[in-house]
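Here is a friendly note to read beside the model. Please keep the sequence and the 3D view open as you go through the points.

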Amino acid sequence: MPDSLPQRADPRSPVRSRRVTTVFVLNGPNLNLLGGREPEVYGTATLADVERLCRETAAELGLTLDFRQSNQEGELVDWLQEAGAAVAAGAGIGAVLNPAAYSHTSIALPDAIEGARLPVVEVHISNVHKREPFRHHSYVSAVAAGVVVGFGVIGYQLAIRGLHQLRGG
Ligand code: CA2
């Protein structure tokens, strides 16, 4: 074959199996405080503990974990767009998102998820439906592929597994 012709990837090539596939886990405002106050609502695990749990689950599924937390709505929007671009490029399966209080207030987060065509599983540590009425509605749920609520921090592991299954296992 002449050098000038583009080389097509051989689908049986071992190079394909070396592709890194990322699962993003994105956390919203105040989740950096986990493990401190309100243990009766959120348990005693810290966000670093949650990251360790997610890393274990991602590794079991052969995924690379990209774990982040921000108190800024705009930064979360940027990260959702980044995750969407990774999925479009075949380098990511989607995102597990705990939007925290922005679940109940933000239009920008669901707009970003839809705009980026990002598969998202929404997770809440507490059972928001057992709590104050203002926590019963999430704008994110309408654009999420699935929602995991009330299982404590184990919910993150369930969400990663669910997202992985939804994306074809
Ligand atoms: O249950 C969840 O995961 C929430 O997303 C947590 C948010 C809350 O606004 C949502 O309604 C439900 C709050 C995250 C703040 O976490 C804290 C942890 C310890 C101390 C204070 C806040």
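1. Let us start with two helices: α4 and α5 are roughly parallel to each other, a label used for angles under 35 degrees, with over 145 called roughly antiparallel, 65 to 115 roughly perpendicular and the rest oblique. The axes of α4 (residues 73–88) and α5 (residues 108–115) cross at roughly 10° and come within 9 Å. Axes here are lines fitted to C-alpha atoms, for helices over the stretch in contact, and angles run from 0 to 180 degrees between N-to-C directions.

2. Before going on, a word on the source: this is a predicted model, in which local features need pLDDT of at least 70 and side-chain atom pairs count only at pLDDT 80 or more, while totals for chains, interfaces and linings use all residues. Residues are numbered from 1 along each chain as its sequence is written, and side-chain values use heavy atoms, leaving out hydrogens and water.

3. Which residues of α4 and α5 meet? From α4 come E73, L76, V77 and L80, and from α5 come A108, L109, A112 and I113. By class, this contact has 7 nonpolar, no polar and 1 charged residues (nonpolar: Ala, Val, Leu, Ile, Met, Phe, Trp, Tyr, Cys and Pro; charged: Asp, Glu, Lys and Arg; polar: the others, Gly among them). Contact means heavy atoms within 4.5 Å.

4. Now find the open sheet of 5 strands, with parallel pairing in the order β2-β1-β3-β4-β5. Its edge strands, β2 (64–69) and β5 (146–149), each pair on one side only. Two strands pair if DSSP finds at least two bridges between them; helices (H or I, at least four residues) and strands (E, at least two) are DSSP runs, numbered from the N terminus.

5. Zoom in on one pair: β4 (residues 120–124) is joined to β5 by 4 bridges. V123 has V148 as its bridge partner in β5, and V121 stands opposite G146. Buried means under 20% relative accessible area, exposed over 50%, and partly exposed in between (1.4 Å probe, protein chains only).

6. Finally, look at L163, which lies in helix α6. Is L163 buried or exposed? At 0% relative accessibility, L163 counts as buried. Leaving aside neighbours within four places in sequence, its contacts include V23, I93, P119 and V121. The C-alpha atoms of L163 and P119 are separated by 7.8 Å, although these residues are 44 apart along the chain.
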